[in-house]
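Please look over the sequence and the 3D structure below before reading on. The paragraphs after it go through the chain as a whole and then through selected residues.

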Amino acid sequence: MRKVLKRILLIVSLVALSGSINVKGDVINNLSNPSTADNKSTWECIYFGNYYQSNAKLKEPIKWRILSISGSEAFLLSDKILDRYEVKNEYLGKVTWENSSLRNWLNTEFYNMAFSSDEKNSIIDTYLENKGFNWNKYSYVKDDSYVGEGGNSTYDKVFNLSVEEVNNKAYGFVSNDPDDNIFYSETRYSEATNYAGEREDNSWWLRTPGANNLPCVINESAPRWSYFTIGEYYGVRPAIRINLSNLNWTKADPVTLSHNYIEHKVNKNSQQESNIKQSTSSQVEKMSKNSSGDRITVSSTSIKNVKSKKKALKVTWKKVEGVNGYKIQYSLKKTFKKVKTKTVKKASKTSLTIKKLKSKKKYFIRIRTYKKVGGKLYQSKWSKPKSITTK
């Protein structure tokens, strides 16, 4: 009798186990790769991990778009811009993905804040072949500094997409551009969470090197690759690969976007912007966060005039209230390679003469403001550069 009971229990256990395996397989099989039809791309989505989104007090489930799925492995990109980050290693020479501060932040701070121990066990180490990129074909300037070196390959838990990946139709990134290139597509557009804060174009970081090996960013219209990327708080859309078989995720509503270029404007009535003093065309406010999570705004300025002198230049700019001073950079290269910086520590000052320059040489000049709060330095975006030849 006991043997019969044991056999019955064994059969019941095997049936139950088989059923659970089938359920798991059915759940995973209900997910699919991106589809492109009727001038639109559609991504299946899931919730996995938690991060601050509505505010800085409560973490909420992160929604991810499935870029590809193979068996139980899924390649994911966050549906929204989850945070903003300023690349700080501006003067360290050739910056590659391997030694970038953004890579370190994603794989330490973000990784630990967004995922539980159980979720971390589902994240797969991703091998990244970090290729270089030749930006000369997208620029009217033909310069070797526009060829970004990719650097060494890496293994990462969390990473940024590359230019090649945001131009991959299999991942849903499709453009109606007649030349079928990486420009002009709403499929690359992303809204930002309230925590990250909306910006005018919601550009987000890539890991592909830009001009002079600085990082590059992207929005729906085109990748940006110039020196403007450094010192800017652009958006972060993390990418990961996970093992779906652990079932520590839930399905979310799909996302559908057109292949057309549609210029997105920030909702001026949004809760995020209602708490921030609106900027003027000459004073674009830059947002960052201090250690308490409070928003710090730094208004930018612009160069009014640059006057050429004998081996010198006189730079004048628009005065800005509420800052501690200004930083002026000048270089013989449009990419600001081998750049030099002058710091003006008085907010009331509106001009500076830069001396000991080379005679009859063309210089490029730009300016930004800075403010110190709680012992930390916050800076505005760089102004548009001006160029002039010395006497």
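This is a predicted model: local features need pLDDT of at least 70, side-chain atom pairs count only at pLDDT 80 or more; totals for chains, interfaces and linings use all residues.

Residues are numbered from 1 along each chain as its sequence is written, and side-chain values use heavy atoms, with hydrogens and water left out.

The protein chain contains four helices and 25 strands. These are DSSP runs numbered from the N terminus, with helices being H or I of at least four residues and strands being E of at least two. Of the 391 residues in the protein chain, 52% are buried. Buried means under 20% relative accessible area, exposed means over 50%, and partly exposed lies in between, using a 1.4 Å probe and protein chains only. A contact means heavy atoms within 4.5 Å. Among contacts in the protein chain between residues at least 6 apart in sequence, 69% join residues at least 24 apart. The protein chain has an accessible surface of about 19800 Å², and carbon and sulfur atoms account for 48% of that surface. Accessible areas come from the Shrake-Rupley method with a 1.4 Å probe; for residues, only the protein chains shown count as cover.

Next come the salt bridges. A salt bridge here is a side-chain nitrogen of Lys or Arg within 4 Å of a carboxyl oxygen of Asp or Glu, and the count by this rule is seven. One of them joins the side chains of R65 and D79, at 2.8 Å from N to O. R65 sits in strand β3 (residues 59-70) and D79 in the loop between β4 (73-78) and β5 (83-86), 14 residues apart. R65 is buried because its relative accessible area is 3%, and D79 is buried because its value is 11%.

Another salt bridge joins R103 and D156, at 2.6 Å from N to O. R103 belongs to helix α2 (residues 101-114) and D156 to strand β9 (residues 154-156), so the pair ties together parts that are 53 residues apart in sequence. Both R103 and D156 are buried.

The side chains of E165 and R207 also form a salt bridge, at 3.1 Å from N to O. E165 is in the loop between β9 and β10 (204-209) and R207 is in strand β10, so this pair ties together parts that are 42 residues apart in sequence. E165 and R207 are buried.

What does N107 touch, leaving aside its neighbours within four places in sequence? N107, a residue of helix α2, is in contact with D156, K157 and V158. N107 and F159 are 52 residues apart in sequence, with their C-alpha atoms 7.7 Å apart in space.

N39 lies in the loop between β1 (35-37) and β2 (40-52). K311 lies in the loop between β18 (303-309) and β19 (312-317). N39 is partly exposed, with a relative accessible area of 32%, and K311 is partly exposed at 43%.

Finally, K337, K338, K340, K342, K356, K358 and K361 form a positive surface patch. Patches are made of residues with over 30% relative accessible area and no salt bridge, with like charges joined within 9 Å. Within this patch, K338 lies in the loop between β20 (325-331) and β21 (340-344). K338 counts as exposed because its relative accessibility is 76%.

Definitions and conventions:
Patches are made of residues with over 30% relative accessible area and no salt bridge: like charges are joined within 9 Å, nonpolar side chains (Val, Leu, Ile, Met, Phe, Trp, Tyr) within 5 Å. Lys and Arg count as positive and Asp and Glu as negative; His and the chain ends are not counted. The place of a charge is taken as NZ of Lys, CZ of Arg, CG of Asp or CD of Glu.
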